[in-house]
Amino acid sequence: MRSYRVEVPGRPCPWTVWAKRGPQPQGFMNMKAWQFMIREAIRNTYTSPRPVSGPVSLTMVFQFPIPKTCPKTEPKRTQWLRRHPPGRGDLRNYEKAAEDSIQGLLITNDSQVVESWGKKEWLGWQLQRDGVEGLTVIEVQEIGDG
C-alpha cells in the first residue's frame, strides 16, 4: 500500500470562494498561493508521484503561529491558548483547500477519501523561533487488502 507524507511550511489558508465578479479577494489569492505551495512541496518531495486511484485515508494537521498578544508567562499562556482556537475559519475549509491542491498529484479525486482526520493547532515555540510562519502536514494512505 502506498502512502505519502508532505510538510508544507507557510501559513495555512481556508478555502475561499471568488464569484468571478470584480477583483479577486485577498483571501482567495492567499488560498491559491498556499495551494501552489502544497503542490510544489509534493513535486519537490516525490519525483513524479503516481496518484492513488483507490480509497484513501487522509490526515491533515494545520499549525498556526502563536500571536504576539499571547501572554509569555505560565499559566496565563496555557489558559490563553486553550481559550483561543488557532486559525481563522473552520477546520473543514482548511481541509477542502488542501484536498483540492493534492488532486492529480497524490490522489485522483477527492471523492476517493473514505477516512479523514484533521486538526488545527498552535505552532510549537521552537519552530516559531526558527522563523516558521505556519506548517501544514498532509498524509495520504492507500486503503486496500495489502
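1. Rings of Phe, Tyr and Trp (its six-membered ring) are taken to pair if their centres lie within 6.5 Å; planes under 30 degrees apart count as stacked, over 60 as edge-to-face and the rest as tilted. By that rule, six aromatic pairs are found in a search of the whole structure. In one of them, the ring centres of F64 and Y94 are 5.3 Å apart and the planes stand at 75°, so the pair is edge-to-face. Because F64 lies in strand 2 and Y94 in helix 3, this pair ties together parts 30 residues apart in sequence. Ring pairs also link W34, F62, F64 and Y94 into a cluster.

2. On the basis of the note: this is a predicted model, in which local features need pLDDT of at least 70 and side-chain atom pairs count only at pLDDT 80 or more, while totals for chains, interfaces and linings use all residues. Residues are numbered from 1 along each chain as its sequence is written, and side-chain values use heavy atoms, with hydrogens and water left out.

3. Helices (H or I, at least four residues) and strands (E, at least two) are DSSP runs, numbered from the N terminus. Four strands form an open sheet in the order 1-4-2-3, with mixed pairing; two strands pair if DSSP finds at least two bridges between them. Strand 1 and strand 3 are at the edges with a single partner strand each, so one side of each is left without a neighbour in the sheet. Strand 1 and strand 4 run antiparallel and are joined by seven bridges. R5 has E139 in strand 4 as its bridge partner.

4. Leaving aside neighbours within four places in sequence, the contacts (heavy atoms within 4.5 Å) of V140 include Y4, L58 and I102.

5. Buried means under 20% relative accessible area, exposed over 50%, and partly exposed in between (1.4 Å probe, protein chains only). R77, found in helix 2 (residues 76-83), counts as buried because its relative accessibility is 18%. Not counting residues up to four places away in sequence, R77 touches C70, P71, K72 and W125. C70 is itself buried, with a relative accessible area of 2%.
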